[in-house]
Amino acid sequence: MMTPRNRRALVRPHVVTGGRARPTRNIFDLVTLVTAAGDLPLTGLSPEKRRIVTLCRGGALSVAEVSGHLGLPVSVTKVLLSDLVDSGHITTRAASPDSSRPEQLGLLQEVLDGLRALL
């Protein structure tokens, strides 16, 4: 049986996105980095969108991190982020290109070697 609390959990994401299930742009994956784009006023933004802008003013966060901070599904977070890109409140940056992976692997290996040396 569905309790009132369960019904709220099902309705809330729908309400947060204004009934939309898809973002206006398909530019987000889990590791896309988002940052606040200046000091645009937050008036007129929903509490969730204000929270996203505030979080992203502290530095770049991935879509997955924003979703975790908000406690909302990634699909809902992508809709909100898309709205904020449209309004100019945030900008996006793709994750590192594949060409830098050898450098990343080398760095990770050095970190691993350093950690092993400490043990």
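This is a predicted model: local features need pLDDT of at least 70, side-chain atom pairs count only at pLDDT 80 or more; totals for chains, interfaces and linings use all residues.

Modeller: The chain has 5 helices and 3 strands, and from the N terminus on its elements run α-β-α-β-α-α-β-α.

Colleague: How do you know that strand 1 and strand 2 pair?

Modeller: Pairing requires at least two bridges between two strands. Strand 1 (residues 33-36) and strand 2 (residues 61-62) are joined by 2 bridges, so they count as paired, and they run antiparallel. Within this pairing, Val 34 stands opposite Leu 61 of strand 2.

Colleague: Why is Lys 49 called buried?

Modeller: The term applies under 20% relative accessible area. Lys 49 has 16% relative accessibility, so it counts as buried. This residue lies in helix 2 (residues 47-57). Leaving aside residues up to four places away in sequence, Lys 49 touches Leu 80, Asp 83 and Leu 84. For the chain as a whole, buried residues make up 28% of the 119 residues.

Colleague: What makes helix 2 oblique to helix 3?

Modeller: Helix 2 and helix 3 (residues 63-70) pack at an angle of about 125 degrees, with their axes 11 Å apart. Roughly perpendicular covers 65 to 115 degrees, and roughly antiparallel begins over 145. The angle falls between those two classes, which means that helix 2 is oblique to helix 3. On the helix 2 side, the contact is made by Glu 48, Arg 51, Ile 52, Leu 55 and Cys 56, and on the helix 3 side by Val 66, His 69 and Leu 70. These residues divide by class into 5 nonpolar, 1 polar and 2 charged. The crossing of helix 2 and helix 3 is right-handed.

Colleague: Why is helix 2 called roughly perpendicular to helix 4?

Modeller: The axes of helix 2 and helix 4 (residues 74-87) cross at roughly 70 degrees and come within 10 Å. An angle in the range 65 to 115 degrees counts as roughly perpendicular, so the term applies to helix 2 and helix 4. Here Glu 48, Lys 49, Ile 52 and Val 53 of helix 2 meet Leu 80, Leu 81, Asp 83 and Leu 84 of helix 4. By class, this contact has 5 nonpolar, no polar and 3 charged residues.

Colleague: What makes helix 3 roughly perpendicular to helix 4?

Modeller: Their axes cross at roughly 105 degrees and come within 9 Å. That angle also lies in the range 65 to 115 degrees, and therefore helix 3 counts as roughly perpendicular to helix 4. Helix 3 contributes Val 63, Val 66, Ser 67 and Leu 70 to the contact, and helix 4 contributes Val 74, Thr 77, Lys 78 and Leu 81. The residues of this contact are 5 nonpolar, 2 polar and 1 charged.

Key:
Residues are numbered from 1 along each chain as its sequence is written. Side-chain values use heavy atoms; hydrogens and water are left out. Helices (H or I, at least four residues) and strands (E, at least two) are DSSP runs, numbered from the N terminus. Buried means under 20% relative accessible area, exposed over 50%, partly exposed in between (1.4 Å probe, protein chains only). Contact means heavy atoms within 4.5 Å. Axes are lines fitted to C-alpha atoms, for helices over the stretch in contact, and angles run from 0 to 180 degrees between N-to-C directions. Angles under 35 degrees count as roughly parallel, over 145 as roughly antiparallel, 65 to 115 as roughly perpendicular and the rest as oblique. A crossing is left-handed if the near helix is turned anticlockwise from the far one by less than a right angle, and right-handed if clockwise. Ala, Val, Leu, Ile, Met, Phe, Trp, Tyr, Cys and Pro count as nonpolar, Asp, Glu, Lys and Arg as charged, and the others, Gly among them, as polar.
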